[in-house]
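Please keep the sequence and the coordinates at hand while reading.

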Amino acid sequence: DPETAEIPVIFVSAVTNVMDKVKGFRAGAVDYITKPFQFDEVLARVEHQLKIQTLGKRLEESNIRLQQEIRDRQADIKELSLYREALDILSIYNFFVQSDGQLINVSHSTSAVLEYSLEELQGMKLQDLDSSLDINLWQHHWDTLQHQNYIDMITYHHKKSGETIAVQLTMVYLTNPGMAYAY
């Protein structure tokens, strides 16, 4: 009966035969007491079984709570993974550039894509990567950056190997005391 299934049953028997005890356990008993029994022993065994039952319920509740925490953490990990992937995509090609086109603070991923070392890139200008971006065109872009605070443009960067890649740049105008630059 589902209503009484969780009530611990202790059987009392004058029989000390092991097979009879095993039958009682197979029938669902949790403990046994042999006759003649002492009141203190019965009380101790009942208290013990109630304690076991209480601890079992706590354990079950803890397991349910832990399973929910695992599901929540798995969802958090999945969400963080998506954000990390998005951040990796956003940061795959980034650098800071000064008003004259000088590259400063270039990311490792930019270095890997362009096949130049960080030191080589930080000694270059944006115009060195895209020969069509002459000083006049770059100055026009810089002026637009100053007025609009951002600019989108397509450039064609030359890798160290000579291969040309199209790069969609979204640049943001930033200022620091005494210095203006774009990211």
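This is a predicted model: local features need pLDDT of at least 70, side-chain atom pairs count only at pLDDT 80 or more; totals for chains, interfaces and linings use all residues.

Helix 6 itself has 14 residues and reaches 20 Å from its first C-alpha to its last, close to the 20 Å expected at 1.5 Å a residue, and it is followed by Asn149, whose phi is positive, near 70 degrees.

The sheet is open and consists of five strands in the order 4-3-7-6-5, with antiparallel pairing. Its edge strands are strand 4 and strand 5, each of which pairs on one side only. Strand 3 is joined to strand 4 by two bridges, and Val97 stands opposite Leu103 in strand 4.

Helix 6 packs on this sheet, where it touches strand 3, strand 5, strand 6 and strand 7, and its direction makes about 150 degrees with that of strand 5.

| Element | Residues |
|---|---|
| Helix 6 | 135–148 |
| Strand 6 | 164–176 |
| Strand 7 | 179–182 |

Which residues of helix 6 are buried? They are Trp138, His141, Trp142, Thr144 and Leu145; because they cover an arc of only 160 degrees around the axis, they lie on the same side of helix 6. Their cover includes helix 5 (126–129) as well as strand 3, strand 5, strand 6 and strand 7, whereas the face turned away from the buried side of helix 6 carries the exposed residues Asn136 and His147.

Conventions: Residues are numbered from 1 along each chain as its sequence is written. Side-chain values use heavy atoms; hydrogens and water are left out. Two strands pair if DSSP finds at least two bridges between them. Helices (H or I, at least four residues) and strands (E, at least two) are DSSP runs, numbered from the N terminus. Contact means heavy atoms within 4.5 Å. Axes are lines fitted to C-alpha atoms, for helices over the stretch in contact, and angles run from 0 to 180 degrees between N-to-C directions. The expected span of a helix is 1.5 Å times one less than its number of residues. Buried means under 20% relative accessible area, exposed over 50%, partly exposed in between (1.4 Å probe, protein chains only). The arc is that of the directions from the helix axis to the C-beta atoms.
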